[in-house]
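Reader: I am new to this structure and would like to learn how to read it. Please take one feature at a time.

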Amino acid sequence: KQLVSEYVQRSIALIDHIPEKERYLVRAFDAVLKQHNQVGLEILLEMEEIYPNSKEMLFQIGYLYYVENDYKTAVRYFKKLLQMDPNHERALNLMTWTYQSMGNYNKALKVANCFATFNKDQGNFLIASTYYRMNDYPKADEYMEKILALDPKFLISLPGHVLRDLARMYS
């Protein structure tokens, strides 16, 4: 996070030299890093009026709605993005988590299975986590075993908060 913050601050300092479209993203990132999600969202929604097909903007709007627990709106933005780029990994990933948060496990599995067709490790991890949330532990274990068979070091690559969740799942 520190590194991202440094890059954003450098970009803010040079904002007059950045193309207009990217200025919106930089300003939104700056607001979010300063814990002003609503301000960041307002900047991105303003950007949407001018640049409605910006994939990064659509993802960030969906992400901010997800963070604010407005899951239906988050899904709407992820769907817009996936219509333009059906293999957008971050959108598929977060859309799965969004459906999980909504308790819509069938849709979460559908999205995760789509993701798994081109990213086996991450897709299978999303499938396993969905089955875990469904209390279907044998299925969750089956997919975790698939992941480890593909890449025994996969778990090491996960962020700390995900590892903590895994520890809770299997304790």
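Reader: At what angle do the axes of helix 6 and helix 8 cross?

Author: This is a predicted model, where local features need pLDDT of at least 70, side-chain atom pairs count only at pLDDT 80 or more, and totals for chains, interfaces and linings use all residues. Residues are numbered from 1 along each chain as its sequence is written, and side-chain values use heavy atoms, with hydrogens and water left out. Helices are DSSP runs (H or I, at least four residues), numbered from the N terminus. Axes are lines fitted to C-alpha atoms over the stretch in contact, with angles from 0 to 180 degrees between N-to-C directions. Helix 6 (residues 89-102) and helix 8 (residues 120-133) cross at roughly 5°, and their axes come within 11 Å. The two helices are therefore roughly parallel (under 35 degrees).

Reader: Which residues of helix 6 and helix 8 make the contact?

Author: Contact means heavy atoms within 4.5 Å. Helix 6 supplies N93, T96, W97, Q100 and S101, and helix 8 supplies Q122, F125, L126, S129, T130 and R133.

Reader: Is N124 buried or exposed?

Author: Buried means under 20% relative accessible area, exposed over 50%, and partly exposed in between (1.4 Å probe, protein chains only). N124, in helix 8, is buried at 7%. Among the residues that N124 touches, leaving out those up to four places away in sequence, are Y143 and L150.

Reader: What is the arrangement of the rings of Y24 and Y51?

Author: Rings of Phe, Tyr and Trp (its six-membered ring) pair if their centres lie within 6.5 Å; planes over 60 degrees apart count as edge-to-face. The centres of Y24 and Y51 are 6.3 Å apart and the planes are at 70°, so this pair is edge-to-face. Y24 is buried, at 7%, whereas Y51 is partly exposed, at 23%.

Conventions. Angles under 35 degrees count as roughly parallel, over 145 as roughly antiparallel, 65 to 115 as roughly perpendicular and the rest as oblique. Rings of Phe, Tyr and Trp (its six-membered ring) pair if their centres lie within 6.5 Å; planes under 30 degrees apart count as stacked, over 60 as edge-to-face and the rest as tilted.
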